[in-house]
Amino acid sequence: MKLIEKRVVLHFTGFEPLDGVAHRARYERSARQSATVWGYSVETGAAEAGSDPLSFEVTTGNGAGTGSPGWRTKSRIHMVDHDALVSRLRSGNTLSQIVAGFRSCAQIILDGGMWGYFRHAWRFGLFFLFPFLLTALAIALTAQIAIMPYSLGFSPWHMLWSGPLALCFFIFAFLPFSERFHTLHLFADWNMAVALGRMDRADFNDWLEDRAIAVRKALAEEADEYVISSHSMGSNVAAHVIGILLEREPEIFNGKRVVFATLGSAILQCALLSSATLLRARVGLIARCPEISWLDVQCLTDSINFYKVPVVAVSGHADAPEAKMILIRVKQMLTREHYRKIRKDQLRVHRQYVLGPDLPAPFDFTLMTSGPMPASVFASPDEKRMPG
């Protein structure tokens with residue numbers, strides 16, 4: 001198997017309040033962990049001045065004297081983050097964010113999304129409902145506190161103290177408690193899911209067009225391999241952007257080795273909305289592109305993904321080539337103590353796809369995007385991750 005000497009990576013980040021600089025710093029930390037575990041050298045370069053999306057070079061290698069032939073791989077990583085959209089969705093006051101969140105909840109239910117979640121991945125359905133049920137319960141308790149004097153038969157004048165008490169409960173007790181579960185952040189995530197499903201917001205659509213132009217420029221670089229990776233909500237952004245390029249230039253990937261790796265993908269979070277016709281069409285374009293090898297990395301212990309669900313078929317393209325499912329176990333990547341520490345934090349488990357390992361494991365994000373072997377080796381559990 002020919003080793004990769006030069007690679008171009010377009011990584012579409014997940015829904016997190018991190019810009020390209022922060023994502024690059026995370027990548028550098030994870031790469032150091034991976035290099036220590038697997039025994040290779042890694043050098044993460046500085047961000048290229050003025051790059052958009054932020055890009056940097058990662059050089060991995062294995063010198064002589066290690067018992068195997070020396071190799072050296074250079075990968076240019078382009079971090080396609082959507083922090084601008086996250087910031088926009090979180091920019092309002094608390095009340096406006098709550099109202100917008102419940103509006104998105106209603107839109108998803110009306111668009112058949114909730115039914116689709118429970119039909120295909122019931123744990124994802126619970127993930128959808130949780131922040132809204134938690135907040136609805138808090139609102140109900142707040143109302144009960146406010147009307148408590150009336151319920152007990154006291155004079156309505158007593159609501160002059162029960163009203164402020166109820167407000168204090170909601171602001172100073174519930175809101176800090178709810179941040180443990182990232183409730184308002186999840187409200188914004190569902191707002192974005194509706195926007196990328198319905199495609200009815202001009203600011204989002206213009207941003208996607210702008211990203212398509214930037215990605216088209218990155219794809220013009222010469223390389224042995226092109227890896228388009230995406231995490232969580234970033235998979236919807238990637239599907240739209242790559243779909244836009246295929247709509248305009250159906251032969252854009254001719255002569256290129258392209259791997260599309262969706263990690264803990266949330267494509268069906270949006271594609272299951274009845275209004276997401278454009279997204280589903282773009283999923284079909286990607287699946288039918290002969291130059292693209294689609295790897296869908298899923299994890300049983302990650303409730304925020306559609307485990308063992310065939311994304312292409314469920315998106316309405318049963319006649320198209322299906323994405324190759326890669327089933328991983330987070331507990332294989334981490335020490336027992338480390339896994340025990342994070343396993344109850346579902347958002348932390350969900351991030352592990354793009355974080356560094358403690359142990360050699362069948363999946364390693366750094367090796368997929370910067371290692372010497374083609375990214376396609378991760379499609380088979382029997383393939384080596386490092387040269388022999």
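In the predicted model, F132 has a relative accessibility of 3% and is therefore classed as buried, a term applied to residues under 20% relative accessible area, with exposed meaning over 50% and partly exposed in between (1.4 Å probe, protein chains only). F187, at 1% relative accessibility, is likewise buried. Residues are numbered from 1 along each chain as its sequence is written, and side-chain values use heavy atoms, with hydrogens and water left out. Because the model is predicted, local features require pLDDT of at least 70 and side-chain atom pairs count only at pLDDT 80 or more, whereas totals for chains, interfaces and linings use all residues.

A pair of aromatic rings is described by the distance of the centres and the angle of the planes. F132 and F187 form a stacked pair, at 4.8 Å centre to centre and 15° between the planes. The pair links distant parts of the chain, as F132 lies in helix α5 (residues 122-146) and F187 in helix α8 (residues 183-198), 55 residues apart. Helices (H or I, at least four residues) and strands (E, at least two) are DSSP runs numbered from the N terminus. The rings of F177 and F181 are edge-to-face, because their planes stand at 70° with the centres 5.4 Å apart. F177 is partly exposed at 35% relative accessible area, and F181 is partly exposed at 33%.

One aromatic cluster comprises F102, Y117, F124, F127, F128, F132, F187, W190 and F306. Elsewhere, the charged end of R24 sits over the ring of F56, 5.6 Å from its centre; the criterion is NZ of Lys or CZ of Arg within 6 Å of the ring centre and within 35 degrees of the ring normal.

UniProt, in an unreviewed entry, places the feature "transmembrane region" at residues 124-147 and 159-177; its positions are given in the numbering used here, feature names are shortened, and annotations may be inferred rather than shown by experiment. Residues 124-147 are 96% helix and 0% strand, with end C-alpha atoms 36 Å apart. Residues 159-177 are 100% helix and 0% strand, with end C-alpha atoms 25 Å apart.

In helix α12 (residues 277-288), the buried residues are L279, R280, R282, V283, G284, I286 and A287. Their cover includes α8, α10 (234-248) and β7 (292-299), where contact means heavy atoms within 4.5 Å.

Technical notes
Rings of Phe, Tyr and Trp (its six-membered ring) pair if their centres lie within 6.5 Å; planes under 30 degrees apart count as stacked, over 60 as edge-to-face and the rest as tilted.
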